[in-house]
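Trainee: I am new to this one. Can we go through it together, term by term?
Mentor: Gladly. Here it is.

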Amino acid sequence: MTSSSSVTITKTQAVLAICATAGAALALRTIPKQRGRRNARVDGSTEHVIELGSRSAHIVPGVLELIGNTPLIRIKSLSNALGVEILGKAEFLNPGGSVKDRVALQIITEAETHGYLRPGGHVFEGTSGSTGISIAMVAKAKGYGATIVMPDDTAVEKMRSVEAYGATVERVRPAGIVDKRQYVNRAKHLALEHGPAGYFADQFENQANFRAHVSGTAPELWKQTGGNVDAFVSGAGTGGTISGVGTFLKHKRKDIRIVLADCQGSGLYNKVKHGVMYSQRESEGTRRRHQVDTVVEGIGLNRLTANVELALPIIDDAFQVSDAEAVAMAHYVSAHDGLLLGSSSAVNLVTCCKLVRAMGWKGSQRVITTILCDSGSRHFSKFWNEEYLRRTGITNDPELIATLLR
C-alpha cells in the first residue's frame, strides 16, 4: 500500500508560492448573462432566441476536464432580503456532482506524479460523504480500480452512485476513529491487504486536499468576484476547502473574514470559539449517530485532521447550525431561488445569514461567498425525506429563516 499523506507542505513558503501563482495556469471562462426570453423562429434565425451561458466553447478530451471552473451564483432571495451579496460557488455542477471532484482529481494525480499509483493500481478510500463518488469517477476515468468503504447509514443514493461507476462499496457499521472497523481505518487496511498496487487516498490527512482548493477553487472565486470579497463561509468535513480557500484569500487580503459553518453534533465550533474540541451531544444518551450526531452529511468532525490543522490559524469566526435550520434553509432556497441543494450547502447559507446579523452588515452590500457543495438529489432518502425527518423529530419551520432575514 502507498499513501501520499506523508507529502507535507511548508506553511510559510510552499503555501504562499501556491497562492501567488495559482491563478496563472487557470483558463477561466465567463458566463454570459441571459438577455431576456424571446420566441425562437422555425426558420432558425437568431431573433427572439434566449442566449444561454456555456460552460465550454470547445470539445474537451474527457470527463476530468469538466472538473472546476464552476459558476458563482447570486442567491437572490437571501441577498435581496439582507441587502448584501451572498454568492455561492456552484460545485454541484462538477461532473461527479460535488466539490469533492476537485479533491479526488488532485489526490489521484499527485499519487501518479509521485509514483504511488501505476497502471493496474487500485484506489481505496473511506468516506461518509461525496468523496467516494468522486474517487470512483476519477479512478475509473484514469483506468484504476476503486473500493469505497462507507458507514451503512450513509444516504443510499451515494452508495448507488459509487456502484454505478463500477467501483466496489463495502458498508460498515458506524464507529469511532479509534475502532479498527471504522470506515477510514477499514479502507486503509484493505489497501494494505491489496499490496503495492493498493493506494489509500486518505482525504482527511492528505494535504493534496488542501492544494486542490488553494490552487483551484480559491483563484477561480477571486477572479469571479474581481477580488471584491468580504467573507468566505465554509463547513469542514475534512478541512480541505476552508483551509485551502481561506489561506489563498488571507494571502490576498488579511481583512477577509474566514468563517466556519458547523453542523450540530460537531466539535469544530467549540474548537474555534473556545479552543476545546467538544460537542454537547457527546453526552451519553443524547446521540442518534456514532460519529457526528446530525442529519447533515459531508461536514462535521469531532477530531482534528491535518487539513483542519491548516485551517485553524486563519479562521476568524464560527457559527453552529441546527438540523432544523438547515432543513428550513434548503426548502427556502428551493422555493425562492429554484436551487435544490444538499445539506452542507444549506448549513453554509444559514451561516452566511448569521454572519450578516452578527457583523451588523445588513444593508451594507458586503460580499459573502460560500460553497454550494452538492445537489439535493443526493439526499432524497434522508435530508429531503419528510418521513425520515419526522422520525428524527425535525420539521420544516419557515419561521426559522424568516427570523434570520429580519
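Trainee: Which residues does Ser-344 touch, not counting residues up to four places away in sequence?
Mentor: This is a predicted model, to begin with. In it, Ser-344 touches Val-296, Glu-297, Ile-299, Cys-373 and Asp-374. Ser-344 itself sits in helix α12, residues 343–359.

Trainee: Why does Ser-344 count as buried?
Mentor: Buried means under 20% relative accessible area. Ser-344 has 7% relative accessibility, so Ser-344 counts as buried.

Trainee: Is Cys-352 buried or exposed?
Mentor: Buried, because Cys-352 has 0% relative accessibility.

Trainee: Let us turn to helix packing. What describes two packed helices?
Mentor: The angle between their axes and the distance between the axes. Take helix α3, residues 100–113, and helix α7, residues 208–225. They pack at an angle of about 125°, with their axes 8 Å apart.

Trainee: Which hand does the crossing of α3 and α7 have?
Mentor: The crossing is right-handed. Arg-102, Val-103, Gln-106, Ile-107 and Glu-110 of α3 make the contact from one side. Among their partners on α7 are Ala-208, Asn-209, Arg-211 and Glu-220.

Trainee: How do the residues of the contact of α3 with α7 divide?
Mentor: Into four nonpolar, six polar and four charged.

Trainee: What makes α4 roughly parallel to α5?
Mentor: Angles under 35 degrees count as roughly parallel. Helix α4, residues 131–142, and helix α5, residues 156–164, cross at roughly 10°. Therefore α4 is roughly parallel to α5. Their axes come within 9 Å.

Trainee: Which residues make the contact of α4 with α5?
Mentor: Gly-132, Ile-133 and Ala-136 of α4, with Lys-158, Ser-161 and Val-162 of α5. They divide into three nonpolar, two polar and one charged.

Technical notes. Residues are numbered from 1 along each chain as its sequence is written. This is a predicted model: local features need pLDDT of at least 70, side-chain atom pairs count only at pLDDT 80 or more; totals for chains, interfaces and linings use all residues. Side-chain values use heavy atoms; hydrogens and water are left out. Buried means under 20% relative accessible area, exposed over 50%, partly exposed in between (1.4 Å probe, protein chains only). Axes are lines fitted to C-alpha atoms, for helices over the stretch in contact, and angles run from 0 to 180 degrees between N-to-C directions. Helices (H or I, at least four residues) and strands (E, at least two) are DSSP runs, numbered from the N terminus. A crossing is left-handed if the near helix is turned anticlockwise from the far one by less than a right angle, and right-handed if clockwise. Contact means heavy atoms within 4.5 Å. Ala, Val, Leu, Ile, Met, Phe, Trp, Tyr, Cys and Pro count as nonpolar, Asp, Glu, Lys and Arg as charged, and the others, Gly among them, as polar. Angles under 35 degrees count as roughly parallel, over 145 as roughly antiparallel, 65 to 115 as roughly perpendicular and the rest as oblique.
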